Amino acid sequence: MMISYKKLTLAIGLALLSVSAVHAQDTRGIYVGAGIGGSSVSSHTVDSDNDPSLNVNLGYRFNQNFSTELFARSMSFRMFDGLIGDDSYYPDTHVGIAVLGTVPLNNAFSLYGRLGVGRTVMKSSRVSNKDRDETDPSVGLGVRYAFSPAWSVNLEATRFTKTEVNTYLFGVQYNF
């Protein structure tokens, strides 16, 4: 019996959210973050590896285990397309909302899972074609290290399922 990638991701996300509800503490507040990393796209129309990826996010933590955030992420930096490009579309940027379930491992380290949805801008490789948007679900896993109650760093891998983009980010976060 083979479990699909989507079912496994959903099960992990639900498990993280259920653990979140059990271990809730009062650590509410707003946070902001930024990250830099890389992205890779491997779909039937685009094959691009190691493009730079940038991320910004604004979130609200309901407790130490559950938060929600708005985020924006770049996915591709194809600078010379438009004049001689083929007929394909490629994912350029994504703006979305996500819920995060976090499991603290100790006072400094924690693991988190992300389930989100948003809009991905699909850029045309030709100037004559208009850009379009796609609704794109996302799932991710990460690890966070807190230097203090205010500052932390994280490593995260996220999969945008419809556009078949993977992003890998190193980020910093400030908690108000």
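The model is predicted, so local features need pLDDT of at least 70 and side-chain atom pairs count only at pLDDT 80 or more, while totals for chains, interfaces and linings use all residues. Residues are numbered from 1 along each chain as its sequence is written, and side-chain values use heavy atoms, with hydrogens and water left out.

The patch lies on the surface and consists of Leu 105, Phe 109, Leu 111, Tyr 145, Phe 147, Trp 151, Leu 155, Phe 170 and Val 172, with about 890 Å² of accessible area together. Patches take residues with over 30% relative accessible area and no salt bridge, joining like charges within 9 Å and nonpolar side chains (Val, Leu, Ile, Met, Phe, Trp, Tyr) within 5 Å. A salt bridge places a side-chain nitrogen of Lys or Arg within 4 Å of a carboxyl oxygen of Asp or Glu. Areas come from the Shrake-Rupley method with a 1.4 Å probe, and for residues only the protein chains shown count as cover. Val 172 belongs to strand S8 and counts as partly exposed because its relative accessibility is 37%; buried means under 20% relative accessible area, exposed over 50%, and partly exposed in between (1.4 Å probe, protein chains only).

To place these strands in context, the whole chain comes next. The chain holds 1 helix and 8 strands, in the order α-β-β-β-β-β-β-β-β from the N terminus on. Of its 176 residues, 42% are buried. The chain exposes about 10,000 Å², of which carbon and sulfur atoms supply 65%. Among contacts (heavy atoms within 4.5 Å) with a separation of 6 or more, 57% link residues 24 or more positions apart.

Strand S6 (residues 132–146) runs antiparallel to S7, and 9 bridges join the two; strands pair if DSSP finds at least two bridges between them. Here Leu 141 stands opposite Ala 157 in S7, and the hairpin connecting S6 to S7 passes through 4 residues. On to the next pair: S7 and S8 are likewise antiparallel, joined by 10 bridges, with Leu 155 opposite Phe 170 in S8. Their hairpin also has 4 residues between the strands. Glu 164, in the loop between S7 and S8, has a positive phi of about 60° although it is not a glycine. Most residues other than glycine have a negative phi. Glu 164 counts as partly exposed because its relative accessibility is 26%.

Beyond residues up to four places away in sequence, Val 165 touches Ser 39, Ser 40, Val 41, Met 75, Pro 91, Thr 158, Arg 159 and Phe 160.

Finally, Gly 37 sits in strand S1 (residues 29–42) and is partly exposed, with a relative accessible area of 29%. Leaving aside neighbours within four places in sequence, Gly 37 contacts Asp 51, Pro 52, Ser 53, Tyr 168 and Leu 169. Gly 37 and Met 75 are 38 residues apart in sequence, with a C-alpha to C-alpha distance of 9.9 Å.
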